[in-house]
Amino acid sequence: MTKKLNSKEQDSQSFAATLIEYVEVFVFAVIFVILLMTFCVRLCEVDGPSMNKTLSHGEKLIISDFFYKPQTGDIVVFHLSDSDIEYYNKPIVKRVIATEGQHVKIDYMQKLVYVSDDDIFSEDELLDESAYAYYDIGIFKEAKADKPAEIFTVPEDHLFVMGDNRNNSADSRNVHIGMVNENCVLGKALLRLSPFTVFK
């Protein structure tokens, strides 16, 4: 004969079943987050002022390299390991200006940046950087009569990157960083956690 449970026993079993369900959901959520952070996304921190005023020192970014191919305009995080200055051998946040095979012309006097598929630059190859480029003294610090412009060619599997804070950024203009190998890219910035921003 089946024993009939009293109300207190039924409540106890119901609570235990509910608790087990919550524990299972929590465990699966933790496993999902671990897998997500391992294979799809990771958390990085902005270090320094080189991306002002787009990003500030200490801000946290969610980045991903899942099926990612760098494109001009993307904000990326890369990690060098062969710079002759140890300070640069760490995760660095910059903006992609050009990709492999492209040519970059920086007109320091006019604050203009061109990206071309050949070494001839036309007006329609001028980047519109009005939304992010920042010059603390109003001009490029390199702007000098004896060096009005400079041209760079991006090698295969490399990127030309610059910080949005153009006068306070060690980037592809800097011999200690130079062109960034795509294998060094940790991922593209997708989200800024605080203040919350989605990067397209």
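A pocket is an open set of grid points, at which a 1.4 Å probe fits, with protein on both sides within 12 Å along at least five of seven lines. In this predicted model, the largest pocket holds about 230 Å³ of space. Its lining is made up of 17 residues, and those closest to the centre are Asp47, Ser50, Tyr87, Ile92 and Lys94. Strand β4, residues 91–98, gives the largest share of this lining, with 4 residues. Sorted by class, the lining of the largest pocket contains 9 nonpolar, 4 polar and 4 charged residues.

The model has 6 aromatic pairs. One of them joins Tyr87 and Tyr88, with ring centres 5.6 Å apart and planes at 70°; planes over 60 degrees apart count as edge-to-face, so this pair belongs to that kind. Tyr87 is also among the residues closest to the centre of the largest pocket.

Another edge-to-face pair is formed by Tyr108 and Phe140, at 5.2 Å centre to centre and with 80° between the planes. Tyr108 sits in the loop between β5 and β6, while Phe140 sits in the loop between β6 and β7, so their contact ties together parts that are 32 residues apart in sequence. Both Tyr108 and Phe140 are buried. Tyr135 joins them, as ring pairs link Tyr108, Tyr135 and Phe140 into a cluster.

Arg95 lies over the face of Tyr132, 3.8 Å from the ring centre. Likewise, the charged end of Lys105 is placed over the ring of Tyr114, at 5.6 Å from its centre.

Next come the strands β5 and β6. Strand β5, residues 103–107, runs antiparallel to β6, and 5 bridges join the two. Within this pairing, His103 stands opposite Ser116 of β6. The two strands form a hairpin with 4 residues between them, and Lys111 in the turn has a positive phi of about 60°. Strand β6, residues 112–116, is mostly covered, with 4 of its 5 residues buried.

Some backbone details are worth a look as well. Phe67 is not a glycine, yet it has a positive phi of about 55°. This residue lies in the loop between β2 and β3, the latter spanning residues 75–79. With a relative accessibility of 77%, Phe67 counts as exposed, because the cut-off is over 50%. Asp157, again not a glycine, has a positive phi of about 65°. Its place is the loop between β7 (149–153) and β8 (158–162). At 37% relative accessibility, Asp157 counts as partly exposed.

The bond from Asn52 to Lys53 is cis, with omega near 5°, and Lys53 belongs to the loop between β1 (41–45) and β2 (60–64). The peptide bond from Ser194 to Pro195 is cis too, with omega near -5°. Pro195 is found in the loop between β10 (185–192) and β11 (197–198).

Terms used
Residues numbered from 1 in each chain as written. Predicted model: local features only at pLDDT ≥ 70, side-chain atom pairs only at ≥ 80, totals over all residues. Heavy atoms only, no water. Buried < 20%, exposed > 50% of the residue type's maximum accessible area, 1.4 Å probe, protein only. Pairing = 2+ DSSP bridges. 1 Å grid on protein atoms, 1.4 Å probe; cavity = no way out; pocket = protein on both sides within 12 Å on 5 of 7 lines; lining within 4 Å. Points joined across faces, edges and corners; volume = space filled by probe spheres on them. Nonpolar A, V, L, I, M, F, W, Y, C, P; charged D, E, K, R; others polar. Phe/Tyr/Trp six-rings, centres within 6.5 Å; stacked < 30°, edge-to-face > 60°. Lys NZ or Arg CZ within 6 Å of the ring centre and 35° of its normal.
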